[in-house]
Amino acid sequence: MPSKTAGRHNRTQQLQRQDATHHLHPFTDFQDYAANPGRIISRAEGVYIEDSDGNRILDGMSGLWCCNLGYTQPEIVEAVRQQLATLPFYNNFFQCANEPSVTLAARLAELAPDNFNRVFFTNSGSEANDTNLRLVRRYWDLLERPEKRIILSRTNAYHGSTIAAASLGGFDFVHRQFETLPYVHHIAQPYWFKDGGELSPEEFGLSTAQDLERTIDELGEDNIAAFIAEPIQGAGGVIVPPESYWPEMRRILAERDILFISDEVICGFGRTGQLFGCQSYGTAPDLITFAKAVTNGFQPLGGVLLGDRIANVLTSGGGEFGHGFTYSGHPAACAAALATLSIIQRENLIERVAADIGPYLQQRWRELAEHPIVGETRGKGMVAALELVRNKQTRERLEDGGKAGAVCRQSCIESGLVMRAVGDAMIIAPPLVCSHEEIDLLIERATHALDLTAHHYRL
Ligand code: PMP
């Protein structure tokens, strides 16, 4: 081994040892991690990450669905640097405001759908969804409707990891690890490939949506405060709902006096070809959760956009809203967001997703459906998934227990591509700035990874 490579490798091993000994990672089996040390990511450029051994990997996940503009964005870096040099911190409590948070609030109000004119800042999507629960409760209390307490969410949803956000989420294995909030109730998800059975996608989309109607009737509209949903469930496996689903959901929500929270932490800021996923699907939320791509992932920032219906009640008396975070509207995070939004607008990135790179990705991704171990491909804009199977007709899996995804994920890394596995679904959310050539390379590497996976199962 040449000495530079050997030196790097020693450094990697040292970091891996420290990592395994001292660092507990999110959503990780600690014992398993200690036995199988992780990859140390050291640098990134464009749409590539590079590990501490110098391997360059095409990042098909935009970090964690957040680096939508890729990793090389000097304008955001400079905006943060300048802000840290001018006003590195000041809070928004006690009759004060910092300038970037004010400017960002106004900019978001200008960009968001017409009836959204106020924003509450947090540091993450989880905190934003906690904030939603506080806002919803406050709203109904101020209207003297204290019986409206139940929050509806969906099985296999992901809304974050605080107690409230994880209660909203629909992962059973997570719920078994703490006491969930008793007033959260889960309804069905529109996952046709898994649950659709003999129904056509359109029939299944309708009947799944009607689970909302049935549940409202069962629990009583007067007891239900809000319904929360991602336009496309991301962490649950990129569940792109059948075309019939959201129109029917919209009909039901319009007929009932229930607030609707659109969790746009993944779909927001262009991923589906509109600013927000709710605009792609024509739904009419009262609250919008955002985070991640608002700063291109360069600074932690989340928040809630409030529709006028709620904002008007909350700003018309009732006293102090007892909620907020030290870093609500942190100036450096808001400066990063302002720079990010400027790039998105100047480069017409959302239009590019809708008219060019989104359709190109989807066209190329659909070709993977021809692969012998792919049971379905699905996607929208710059997000997509495929299902790994042994038998396309019966949807029989390669292996029990959703383990084939982990095999395929490893094959992806060996092929120079980050794809994420959710059980037997392989998912991607590449940067919106990918070129056609980078999408071609992604498909080439994904195909190679599928070949390796098939080979692993001796197919
Ligand atoms: N909502 C959705 C839809 C998400 O995908 C996530 C994170 N992946 C969150 C909320 C939580 O965001 P955070 O990790 O920033 O708390």
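Biologist: What should I know before reading any values?

Modeller: This is a predicted model, where local features need pLDDT of at least 70, side-chain atom pairs count only at pLDDT 80 or more, and totals for chains, interfaces and linings use all residues. Residues are numbered from 1 along each chain as its sequence is written, and side-chain values use heavy atoms, with hydrogens and water left out.

Biologist: How is the protein divided into domains?

Modeller: Domain 1 is 39-72 + 348-456 and domain 2 is 74-346; the bounds come from an automatic or database domain assignment. Their C-alpha centres lie 26 Å apart.

Biologist: And how many residues are in contact between them?

Modeller: 37 residues of domain 1 and 35 residues of domain 2. Contact means heavy atoms within 4.5 Å.

Biologist: Sheets next. What is the order of the seven strands?

Modeller: The order is β4-β10-β9-β8-β7-β5-β6, an open sheet with mixed pairing. Its edge strands are β4 and β6, each pairing on one side only. Strands are DSSP runs of E with at least two residues, helices are runs of H or I with at least four, and both are numbered from the N terminus. Two strands pair if DSSP finds at least two bridges between them.

Biologist: How much are neighbouring strands turned against each other?

Modeller: By 25° on average, direction ignored. Axes are lines fitted to C-alpha atoms, for helices over the stretch in contact, and angles run from 0 to 180 degrees between N-to-C directions.

Biologist: Why is β10 described as largely enclosed?

Modeller: Six of the six residues of β10 (302-307) are buried, so the rest of the structure largely encloses this strand. Buried is under 20% relative accessible area, exposed is over 50%, and partly exposed is in between (1.4 Å probe, protein chains only). Gly302, Val304 and Leu306 are buried on one side, and Gly303, Leu305 and Gly307 on the other.

Biologist: Which strands does it pair with?

Modeller: β4 (116-122) runs antiparallel to β10 and is joined to it by six bridges, with Arg118 partnered by Leu306. β9 (287-290) is also antiparallel to β10, over four bridges; there Thr289 partners Val304. By contrast, β8 (259-263) and β9 are parallel, over three bridges.

Biologist: What about the sheet with four strands?

Modeller: That one is open and mixed too, in the order β1-β2-β3-β13. β1 (41-45) and β13 (417-418) are the edges. β3 (56-59) pairs with β13 in the parallel sense over two bridges, and Asp59 has Val418 as its bridge partner. Helix α17 (436-456) lies across β2, β3 and β13, at about 105° to β3.

Biologist: Switching to helices. Which residues of α4 are buried, and which exposed?

Modeller: Ile76, Val80 and Gln83 are buried. They sit on the same side of α4 because they cover an arc of only 65° around the axis, taken from the directions from the helix axis to the C-beta atoms. Pro74, Ala85 and Thr86, on the other side, are exposed. The cover over the buried residues includes α5 (99-111) and α14 (331-346).

Biologist: Last one, α10. What does it pack against?

Modeller: Its buried residues, among them Phe204, Leu212 and Ile216, pack against β5, β6, α9, β7 and α11. Gly220 follows α10 and has a positive phi, near 90°.
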